[in-house]
Amino acid sequence: MKQKIFIIGLPRTGTTSVCNAFLHFGIPTAHTAYTTACFDNAVAIADTPIFNDFKVLDKYYPGAKFIYLERELTAWIPSIRQLLQRMHTNLTRADGGFNIHLKRCYLNTFKDFSLENINNDQYLTDCYNVHINNAKAYFSNREQDFLAIDIAKPNSFSHLCDFLNITSELNGFEKMNMGGKVTAWNDIKHPLKIESTAKGRIDKLLPYETQI
């Protein structure tokens, strides 16, 4: 099994841009993963359920690398608020909505999820800080396994390449999903892009979930 690379930053921190870079690196990549086949076939995986399940993934995939994506709160808060407002109905409805893995991860990371809290800057700030502090504490003294970058910063791309020992002709990350857009990954056509579902179907149990 190839060494896994997990991108564990929260949504709206640049996960699509980083996944796109991995495709250019020649790495099979998935942006979200909801089947065992996706976990088997992708080397790099981001977003749901990765940002929530990184601790158990660390145990299930020995030797994996973890990349945390940071973002300035002044930029992240309005962006995540817009996303969560769009997702609210399908996250909270009892008769369907989003799939079970997506619901579990969002409702765990954004505890006490409500429209009132979504509109509260302090609530979103607290969610961000709890998540990043948890990740940095978990991977403390493990510099060989964990990298934290803000892709808006000029040296972030070179730090990523150094961390993974990759030589790339790219000069940096392509900016994607700007202005509230969240569908850029769907528009990418690449032979190393790994589908998150099996033609829309998910596995009720992901390969590592027996350890959660």
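Me: What radius of gyration does the chain have, and what would a compact globule have?
Reply: This is a predicted model. The chain has 16 Å. With 212 residues, a compact globule would have a radius of gyration near 17 Å, so the two agree.

Me: And the box around it, along the principal axes?
Reply: The C-alpha atoms fill roughly 45 × 35 × 35 Å.

Me: What share of the residues is buried?
Reply: 52% of the 212 residues count as buried.

Me: How many helices and strands?
Reply: Nine helices and five strands. From the N terminus, the order is β-α-β-α-β-α-β-α-α-α-α-β-α-α.

Me: Now the inside. How many residues does the largest nonpolar core have?
Reply: It has 43 residues. Those with the most contacts inside this core are Phe6, Ile8, Phe39, Phe66, Tyr106 and Phe110.

Me: Which elements supply at least two residues each?
Reply: α2, α3, β4, α4, α5 and α7. Helix α4 gives the most, with seven residues.

Me: What does Phe39 touch, sequence neighbours aside?
Reply: Not counting residues up to four places away, the list includes Lys4, Phe6, Ile50, Leu57, Leu206 and Tyr208. Apart from that core lies another, of 27 residues, among them Ile7, Val18, Cys19 and Phe163.

Me: Switching to histidine 88. Where is it found?
Reply: Histidine 88 is in helix α4.

Me: Buried or exposed?
Reply: Buried, because its relative accessibility is 17% and the cut-off is under 20%.

Me: What is histidine 88 in contact with, beyond four places in sequence?
Reply: Phe113, Ser114, Leu115 and Ile118.

Technical notes
Residues numbered from 1 in each chain as written. Predicted model: local features only at pLDDT ≥ 70, side-chain atom pairs only at ≥ 80, totals over all residues. Heavy atoms only, no water. Core = buried A, V, L, I, M, F, W, Y, C linked by side-chain atoms within 4.5 Å. Buried < 20%, exposed > 50% of the residue type's maximum accessible area, 1.4 Å probe, protein only. Helix = DSSP H or I, 4+ residues; strand = E, 2+ residues; numbered from the N terminus. Contact = heavy atoms within 4.5 Å. Rg over C-alpha atoms; globule rule 2.2 N^0.38 Å.
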